[in-house]
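Welcome! Take a moment to look over the chain before reading on.

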Amino acid sequence: MARLLIVGGFLALVFWVFSIVDCAVQPATRHRGASKAAWIAIVVLIPVLGGILWFALGRRRRRDQESIRRAAPDDDPEFLRSLGNTEQDDRIRRLEEELARLDDETDPPAAEPRS
């Protein structure tokens with residue numbers, strides 16, 4: 001029975017330290033419900049229960065964070081729909097004119113080598 005208590009105490013200590021380190025190294029955006037300092041205090045002051053609370057309630061999962069991630073403008077269908085075709089057509093026309101102007105420019109003739 002004593003061995004079981006020693007092993008259980010050791011596992012509780014390892015879990016407690018792991019919870020503290022995990023809570024401390026997570027960026028502030030991955031903390032849910034309270035600030036980073038508050039979660040560290042909870043995990044430190046309430047050893048095993050604080051760690052359980054941290055993993056169950058406080059730690060934001062990656063899939064949760066993906067849902068709040070914003071899409072780039074060119075990947076956002078609403079943004080693309082909001083663009084008018086006239087704006088795109090004007091931009092394309094200006095770029096084509098600039099390319100035509102660059103194509104028409106000729107380099108000055110190279111000087112003939114002297115003999």
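Below is a short tour, from the whole chain down to single residues. Please keep in mind that this is a predicted model. The protein chain holds 6 helices and 0 strands, so its pattern along the sequence reads α-α-α-α-α-α.

**The chain as a whole**
- Of the 115 residues in the protein chain, 12% count as buried.
- Looking at contacts with a separation of 6 or more, 60% come from residues 24 or more positions apart.

**Helix α1 and what covers it**
- Helix α1 runs over residues 2-25.
- With 24 residues at 1.5 Å each, α1 should span 34 Å, and this agrees with the 35 Å between its end C-alpha atoms.
- Ser19, Asp22 and Cys23 are buried residues of α1.
- The cover over the buried residues of α1 includes α2 and α3, the latter being residues 47-58.

**How α1 and α2 pack**
- A pair of packed helices is described by two things, the angle between the axes and the distance between them.
- For α1 and α2, the axes come within 9 Å and cross at roughly 175°.
- Because angles over 145 degrees count as roughly antiparallel, α1 and α2 are roughly antiparallel to each other.
- On the α1 side of this meeting are Trp16, Ser19, Ile20, Cys23 and Ala24, and on the α2 side are Lys36, Trp39, Ile40, Val43 and Val44.
- Two of the α1 residues that meet α2, Ser19 and Cys23, are also among the buried ones.

- Gln26 sits in the loop between α1 and α2, where α2 covers residues 36-45.
- Is Gln26 buried or exposed? Its relative accessibility is 8%, and since buried means under 20%, Gln26 counts as buried.
- The side chain of Gln26 makes a polar contact, at 3.4 Å, with the side chain of Arg30.
- Beyond its neighbours within four places in sequence, Gln26 is in contact with His31, Lys36, Trp54 and Arg59.
- Lys36, one of these contacts of Gln26, is also one of the α2 residues that meet α1.

**Ile42, in α2**
- Ile42 has its place in helix α2.
- A relative accessible area of 28% makes Ile42 partly exposed.
- Ile42 and Ile20 are 22 residues apart along the chain, and their C-alpha atoms are separated by 9.4 Å.

**An annotated stretch**
- An unreviewed UniProt entry carries the annotation "transmembrane region" for residues 39-57.
- In the model, residues 39-57 are 95% helix and 0% strand.
- The end C-alpha atoms of residues 39-57 lie 10 Å apart.

Terms used. Residues are numbered from 1 along each chain as its sequence is written. This is a predicted model: local features need pLDDT of at least 70, side-chain atom pairs count only at pLDDT 80 or more; totals for chains, interfaces and linings use all residues. Side-chain values use heavy atoms; hydrogens and water are left out. Helices (H or I, at least four residues) and strands (E, at least two) are DSSP runs, numbered from the N terminus. Buried means under 20% relative accessible area, exposed over 50%, partly exposed in between (1.4 Å probe, protein chains only). A polar contact is a pair of N or O atoms within 3.5 Å; within protein, one must be able to donate a hydrogen and the other to accept it, and residues adjacent in sequence count only if both atoms are side-chain atoms. Contact means heavy atoms within 4.5 Å. UniProt positions are given in the numbering used here, feature names are shortened, and annotations may be inferred rather than shown by experiment. The expected span of a helix is 1.5 Å times one less than its number of residues. Axes are lines fitted to C-alpha atoms, for helices over the stretch in contact, and angles run from 0 to 180 degrees between N-to-C directions. Angles under 35 degrees count as roughly parallel, over 145 as roughly antiparallel, 65 to 115 as roughly perpendicular and the rest as oblique.
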